[in-house]
Structure formats: C-alpha cells, structure tokens
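Welcome! Please take a look at the sequence and the 3D structure below before reading on.

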Amino acid sequence: MKEKIKTTTLILLVVLSLLQSYLLAYSMPGLGATVRSDQDYVNSEPIGKPTSVESVIFPEALVIHLGGNKHTIIYPGTQFYEMILNQRIQGREFKGFQRSPSDVLNWEEIRKNDIGIELRFDNGIPVELLQKLLKLEGDLLFLNETIDRIWIFKTSGTEEIRTFFFSADGEMVYESVRADLTVRDVQDYVGFGQFQPKYTMTADGLYIPVAPIQSTEIVFPYETYSPDLMKRSLFFDQSTTRAIEDRGGSQIYTDGKRGLQVEQNGKWISYTDPSAPQITENLLSDNVYASVDFVNQHGGWDGTHRFVNAMPGSEGKDIRFKQYVEQYPVMDTKPFRYGYMRLRLQQGVVTEYSRTLITLGAQSESRNVRWLSGGEELEKTLSNYDRRSEVTALFPALQAAQIDENRLRFIPVWAVRLKDGTEEILVEAYRSGFTPPEQKDEDAVQGEADGNSEKPNDTTATAANAAGAVSLSVGASQIRSLNGP
C-alpha cells in the first residue's frame, strides 16, 4: 500500500513539474516572475507598414551604355527599371570571383565603346546585404567587401559577356567568371535604354542629359501620426515617463534614461537612448537588420525607402533610409525636415532614432509637368556651383515643401552629392507651364540622312512598345489629374 502511494505521489509530482514547465515556456500570465531589461519596448498600436531588408536594398540608378559614347540612366520606380532589375538580373547567378586591381582594364574605353549596364550603389553596400538582391557565391575575401558598382558589358567584336564588381574604396574589382548572363541579356538592357533621354559624361564622370528631361510636381495630402503613439511604443513604463518643454518650444518625453523630442509642430521626432552599451565593434549588415526590425516595431514605413550606406568613419553605427516618392528620392532640406530615417546603433541596440511622423495619402491631389534643365545650361549651372570640385554625383530628386497643415508639394530639382556624403539642391525645375523647344533625336536625324530603313530587332521593338505604353500611361495620368480625381 505504501509503495502504491509513493508511486502515485511521484507520478503527480512529475506531471505537475511538466505542467509548470509548459506554462512557464509559453508565458502564461500569473505564473513566475516577469523580468524586463532596459532594452524592452512595448508593442503599441501599429502606425506604418512593416517591411523587409530585401525591400530596402536596391541600386540608386541603372546606367545603360549604348555604344558610340551614348548613355542613358533609368531610375527606381519606373517600368524599365523593374523590367531590367527584377525580371532580367535578380534571378541570375554570379559565381567564380577573381580579384584584380581596379585598373585591370581601360574603363573609359569600355564605357565609350561597349554596350552594357552599371548598377550603382551610392557609398557602397556590403556583399552580405547585396546577397539579398542578387545570387552571389564567392570566397571570404569577396564576401567581406563593400561594393559600389556592378558593371555588365559585351566586349566589342566578340560574343563575350564580362561582369565586374567594384569595391567602394576604388582599390579592387572582382570579376564573376561564371555569371549566368548571355549576349541577349545585355542586348535587352540596351534595347530598353534606346528610348530614354540620352546623357553625356563630364571629365570627372558625371552624367548630364543632352536636353531637358520631363518630371512632375506632385501635391499629396497627408496625415500626422500622434507623438503619443511613438511615446507609448518607445517607453515601456508609462508611469515613469514625464513630459517637459524646452526653450525652443519642443516637447520632450523622458523616463530618466531615454529621451524623445517632438519637433516641427509634432511632425518630427528624435529619440535617444544613451544607456545603450557603448561598444566600438559594429557590423554594418547586422545593424541594418536590427534597424529594419526596430522601425517595423516603432513607427513602421511610409512608402518606399532605400538603405544608404554612411560615409567611411561611422564604423557601421550610422544607418540611413532615404524615402522615395514615385521614382525620385526626397531631399532633406532645412528647416522642413522630411525624406529620411536615421538610426545609430551599438551592436544591434538603437541609441538614436530620427524620423518624420507624416504619412502621405494613397493618391496625389494634383500633378503638373515640370522640366529639368539639360545640356549646356545644366553644365553651366554645375560649373558655377561653388563646391563643384567636391561633386561625386548629379541626380534628379524632389524637394518637399509644406503647403498647409495637411498638404505637401514635391518640387523636381537637380541635386548633387559631395565627397563628404552630404547632398544639396543644385537647381529647381523650370517654372510650371514652361515647355522646352522641341529637339529632334540625333539618331533619327542620322537615320533619315542615311536613308536607313533597317528593321529593328525584337528587343528594340519590345522596348519601343513598352516605351509607348509608358508614354500613354503618363499622359492619361496627367489628363486625369488636370480634370480632377
């Protein structure tokens, strides 16, 4: 009898132990102690949409070399950009990397004479993150590199396709000798570029359109997230959080360790956590993953953002995401801050976080055609820029201007990037209503002079049809915007 009681008691104890372990493992309320670290946050009401690392990794531009020293540039958010990158490059494999000094080939001659395409990443991107965009297999030396350009081209007079990855420091190139690309692929890239604005290149490598290019001024309605939502998201213990107002009129929330400053009439926040561990060793790729997760949990994303690598010297701590409105990035111009998110991290722990609380409406309120200068006029504007010697890139962008408390105007501009990584507006688009003189395409003029009636190949015809579809689509959109929604 005693043995049966002992056996039954032992079984009960084992069952209770298993039950307790199960309840503790699945965090049932009321059992055990809840321990929270200083880095815990509350998951409050969702604000913006979540995204993935894959969604913030993409080139800032595709430069297409057409041969005969003619070029064009295709930007994110356009039909041809998606057709080239997503449908014709992303699924291909790049293997067998061979390392060489950057001057292994005469790149100027290749740029002028050989058809091909460049994928450009401003300030470079670690190969570990680039693998989110492309299928790459290489040795440790290559996998630890930071790449700022990928150049795919067909050598003149042969059927050979070569693919090079350029290190961001300008020292080395890595050739993929087993790239899954064909002559037809490169011909496709060039075919899509035939019907885009033509560009020439300056002596220091900047691309300038030979004629004005068309852009669009857009007015969007917007809403503003409540700063209280961000406060509840970033401070897990509301009972210890207090609000104060600084001399400039900004609202500051603090729990004694963290601080949240609400500025720009409730439209911009700056969060700091000085209590995070101050460690010098940081992995940029790890911090990018941590940044995307942090933004997903604390504010979310409004529209498309692209990861932008900080300049050398930040030791992998500074992470920046540039906002896009349709095909162009938005410039951050004071005093109205808008167009980016900035985070600073220490080994995956966020110590600083700045962002807008503005979210754009799903549809624009109005659209007006605005032309950006080109040719000699743009070259002259660039040469008169007081920091001309520091310019590393010239690109079209949008400047955000607040119309009133619920509308933003996005104005087309030419912008420049400088050696120190800063970006400035070079010149605004021509006034609304201005139309540049009609210019005849030089290829068409040459064709008429030569009596050239050669039938275009399949790739060119496909690109022509696509270009026509894009033109009609843009025209219909503009007509609809002029006549109201």
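Here is a short tour, from the whole chain down to single side chains.

This is a predicted model, in which local features need pLDDT of at least 70, side-chain atom pairs count only at pLDDT 80 or more, and totals for chains, interfaces and linings use all residues. Residues are numbered from 1 along each chain as its sequence is written, and side-chain values use heavy atoms, with hydrogens and water left out.

**The whole chain**
- The protein chain holds 11 helices and 25 strands; these are DSSP runs numbered from the N terminus, with helices being H or I of at least four residues and strands E of at least two.
- Of its 485 residues, 46% count as buried, where buried means under 20% relative accessible area, exposed over 50%, and partly exposed in between, for a 1.4 Å probe and protein chains only.
- Among contacts in the protein chain with a separation of 6 or more, 69% come from residues 24 or more positions apart; contact means heavy atoms within 4.5 Å.

**Strands around S8**
- Strand S8 (residues 172-179) pairs with strand S3 (residues 93-101) in the antiparallel sense over seven bridges; pairing requires that DSSP finds at least two bridges between the strands.
- Within S8, Ser176 is the bridge partner of Phe97.
- S8 also pairs with strand S7 (residues 161-167), again in the antiparallel sense, over three bridges, and here Phe166 stands opposite Val173.
- Four residues lie between the strands in the hairpin of S7 and S8, where Gly170 takes a positive phi near 75°.

**Helix H8**
- Helix H8 (residues 284-297) has 14 residues and reaches 20 Å from its first C-alpha to its last, close to the expected 20 Å; the expected span is 1.5 Å times one less than the number of residues.
- Its buried residues include Leu284, Val288, Val292 and Val295.
- Just after H8, Gly299 takes a positive phi of about 120°.

**Arginines and aromatic rings**
- Arg88 sits in helix H2 (residues 79-89), and its side chain makes a polar contact with the side chain of Asp188 at 3.4 Å (a pair of N or O atoms within 3.5 Å; within protein, one must be able to donate a hydrogen and the other to accept it, and residues adjacent in sequence count only if both atoms are side-chain atoms).
- Arg149 lies over the face of Phe166, at 4.1 Å from the ring centre, and Arg320 lies over the face of Tyr340 at 4.0 Å; this requires NZ of Lys or CZ of Arg within 6 Å of the ring centre and within 35 degrees of the ring normal.
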